[in-house]
Amino acid sequence: MSGGNFANHDGWYDDVSDGLVTASVKLNDGSIPAVSSAWAIVGPPKYAPGLQSVVSLYDTLYQTAIDRGLAPDPFSDPSFKPSFNADILPILLRAANMRWVYDNGTGQFASTGFHHSFNQLPPADRTVISTGSVRLPISRAIQALALVICPRCGPIYTQTVPNGTLTQTQYKMLRMWKDGNFVPATVVDGLISPTGLTRAALEPCVGAAFYPGIEASWKLRDVYTFVEPFRLDSSKASPGDISSQMSLPWQSDFLDCSVEPGNFGDDLVWWPAQRPIAVLSAAGGNAYAPWGRATVAGSTEMTVEQMITDWYKLGFVMAQPNGRFEEVDRL
């Protein structure tokens with residue numbers, strides 16, 4: 001790419017980065033066990049920190065581990081049932097919560113109508129959600145470009161197939177839930193676990209769409225080597241590799257990738273959980289306002305230059321006591 005491309009400016013430096021982190025632990029008895037290395041990614045700000053993309057980086061890398069034979073395919077076990085709390089509810093809540101950062105073009109607040117008591121939904125309603133709103137993953141490469149559960153909430157960058165699918169594993173789990181074959185909601189123990197820490201680190205990150213992405217891109221899924229699920233082979237990666245496909249500066253693609261008209265009558269919405277499209281506020285009531293509105297008097301939309309200089313003035317979408325997620329702290 002040339003230095004004149006809107007998303008690649010030679011000589012620009014920002015805080016987006018990645019690299020190896022190593023550590024050792026010294027115990028009271030003096031032993032120092034070997035501790036595996038980790039790869040740290042520093043990404044752009046997440047302006048809706050309480051919301052997640054329906055396909056998170058955890059979901060994508062879990063699917064990658066299964067595809068590469070690093071993790072067992074849960075569906076190979078005839079007794080496997082997805083957990084409602086761990087596997088199903090996150091998909092449903094993430095999709096329902098997109099209404100706080102995207103208004104479907106209506107300009108007015110409207111509840112999705114299916115975000116309460118998911119575990120008690122009758123079979124007919126489960127069928128409507130899982131078959132009427134969820135598209136079949138077409139292939140690993142195509143599905144991992146897609147973003148979310150509903151047609152209006154996520155793109156794949158292609159001209160030939162509909163947009164918006166889950167990973168293969170997410171889709172199969174949702175189908176089992178639709179058929180009533182799942183472990184119902186239980187009380188969460190809240191104990192810290194290695195799996196829980198992995199999910200906590202990766203679920204806030206975008207697992208699709210990868211064009212190029214937010215924290216990481218398709219090379220993390222398709223190119224780089226892993227020594228075990230979720231752990232890169234540090235001997236085959238160099239600092240900066242994972243973020244090398246990101247826009248430079250990050251603000252240019254961050255501003256540009258919001259909503260595009262789709263080829264199948266659907267809006268293509270990129271990363272609303274990271275980069276909101278339209279937001280509510282206490283002062284605005286139920287009327288949405290563009291999140292990327294200008295910070296300079298006399299203009300309505302931000303320019304790239306304004307985004308580069310004024311990114312810290314943009315508001316964050318945060319949970320409020322009234323149950324809504326609203327824009328706050330905009331300067």
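1. Is Ser56 buried or exposed in this structure? Ser56 is buried, with a relative accessible area of 0%; buried means under 20% relative accessible area, exposed over 50%, and partly exposed in between, for a 1.4 Å probe and protein chains only. Ser56 sits in the loop that runs between strand E2 (38-42) and helix H1. Helices (H or I, at least four residues) and strands (E, at least two) are DSSP runs, numbered from the N terminus. Not counting residues up to four places away in sequence, Ser56 touches Arg94, Leu202, Glu203, Cys205, Val206 and Gly207. Contact here means heavy atoms within 4.5 Å.

2. On the basis of the note: this is a predicted model, in which local features need pLDDT of at least 70 and side-chain atom pairs count only at pLDDT 80 or more, while totals for chains, interfaces and linings use all residues. Residues are numbered from 1 along each chain as its sequence is written, and side-chain values use heavy atoms, with hydrogens and water left out.

3. The next points concern helix packing. Two packed helices are described by the angle between their axes and the distance between the axes. Axes are lines fitted to C-alpha atoms, for helices over the stretch in contact, and angles run from 0 to 180 degrees between N-to-C directions. Angles under 35 degrees count as roughly parallel, over 145 as roughly antiparallel, 65 to 115 as roughly perpendicular and the rest as oblique.

4. Helix H1 (residues 57-67) meets helix H6 (residues 194-202), with axes that come within 8 Å and cross at roughly 120°. H1 and H6 are therefore oblique to each other. On the H1 side the contact is made by Leu57, Tyr58 and Leu61, and on the H6 side by Thr195, Thr198, Arg199 and Leu202. By class, this contact has four nonpolar, two polar and one charged residues. Ala, Val, Leu, Ile, Met, Phe, Trp, Tyr, Cys and Pro count as nonpolar, Asp, Glu, Lys and Arg as charged, and the others, Gly among them, as polar.

5. H1 also packs against H5, at an angle of about 100° and with the axes 8 Å apart. H1 and H5 are therefore roughly perpendicular to each other. Asp59, Tyr62, Gln63 and Ile66 of H1 and Gln168, Thr169 and Gln170 of H5 make the contact. The residues of this contact divide into two nonpolar, four polar and one charged.

6. Helix H5 (residues 168-178) is mostly covered, as eight of its eleven residues are buried. The buried residues of H5 are Thr169, Gln170, Tyr171, Met173, Leu174, Met176, Trp177 and Lys178. Gly180, which follows H5, has a positive phi near 80°.

7. H5 has a further partner in helix H2 (residues 84-96): the axes of the pair come within 10 Å and cross at roughly 100°. H2 and H5 are therefore roughly perpendicular to each other. From H2, Phe84, Asp87, Ile88, Ile91, Leu92 and Arg94 meet Gln170, Met173, Leu174 and Trp177 in H5. Seven nonpolar, one polar and two charged residues form this contact of H2 with H5.

8. Which residues touch the most other members of the largest nonpolar core? They are Leu51, Phe254, Trp271, Trp291 and Met307, in a core of 28 residues. A nonpolar core is a set of buried Ala, Val, Leu, Ile, Met, Phe, Trp, Tyr and Cys residues joined through side-chain atoms within 4.5 Å. Helix H8 (250-256) and strand E7 (278-279) each supply at least two residues of this core, and H8 gives the most, with three residues. Apart from this core lies another, of 16 residues, including Phe80, Ile88, Ala95 and Leu174.

9. Most residues other than glycine have a negative phi, and most peptide bonds are trans. The peptide bond from Leu248 to Pro249 is cis, with omega near 0°, and Pro249 lies in the loop between strand E4 (231-232) and H8. Phe230, although not a glycine, has a positive phi of about 75°; Phe230 is partly exposed, with a relative accessible area of 26%. Asp329 likewise has a positive phi, near 60°, and is exposed at a relative accessible area of 61%.

10. A search of the whole structure finds zero disulfides, a disulfide being a pair of cysteine sulfur atoms within 2.5 Å. Cys205 is buried at 14% relative accessible area, and Cys257 is buried at 4% relative accessibility.
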